[in-house]
Amino acid sequence: MYEKTLLRLGSPLFHFGIIFVGLGHFMGLLIPKDWTEAVGFNETAYHFIATYMGVGRGGW
């Protein structure tokens, strides 16, 4: 009974998390370096934001 309650919440959260991780990696591969530099992000800022989104959000 307790496990079923946890899975009702945990299973959708897990699958949405997997989707967001996949989309994040996919977008990271698709965005060319010229586009990020054209908007004003250099490589250091790009990696900082990517690391923050990957590590900072995962700690919640």
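## Overall fold

The protein has three helices and zero strands, where helices (H or I, at least four residues) and strands (E, at least two) are DSSP runs numbered from the N terminus. Reading from the N terminus, the order of elements is α-α-α.

This is a predicted model, so local features need pLDDT of at least 70 and side-chain atom pairs count only at pLDDT 80 or more, while totals for chains, interfaces and linings use all residues. Residues are numbered from 1 along each chain as its sequence is written, and side-chain values use heavy atoms, with hydrogens and water left out.

## Surface

Of the 60 residues in the protein, 2% are buried; buried means under 20% relative accessible area, exposed over 50%, and partly exposed in between (1.4 Å probe, protein chains only). The accessible surface comes to about 5,700 Å², and carbon and sulfur atoms hold 73% of that. These areas come from the Shrake-Rupley method with a 1.4 Å probe, and for residues only the protein chains shown count as cover.

## A nonpolar patch

Let's turn to one part of that surface. Val39, Phe41, Phe48, Ile49, Tyr52 and Met53 form a nonpolar patch with about 650 Å² of accessible area together. Patches are made of residues with over 30% relative accessible area and no salt bridge, joining like charges within 9 Å and nonpolar side chains (Val, Leu, Ile, Met, Phe, Trp, Tyr) within 5 Å. A salt bridge is a side-chain nitrogen of Lys or Arg within 4 Å of a carboxyl oxygen of Asp or Glu.

Phe41 sits in the loop between α2 (33-38) and α3 (43-56). Its relative accessibility is 39%, so Phe41 counts as partly exposed. Leaving aside residues up to four places away in sequence, Phe41 touches Thr36 and Ile49, a contact being heavy atoms within 4.5 Å.

Met53 belongs to helix α3. Met53 is partly exposed because its relative accessible area is 45%.
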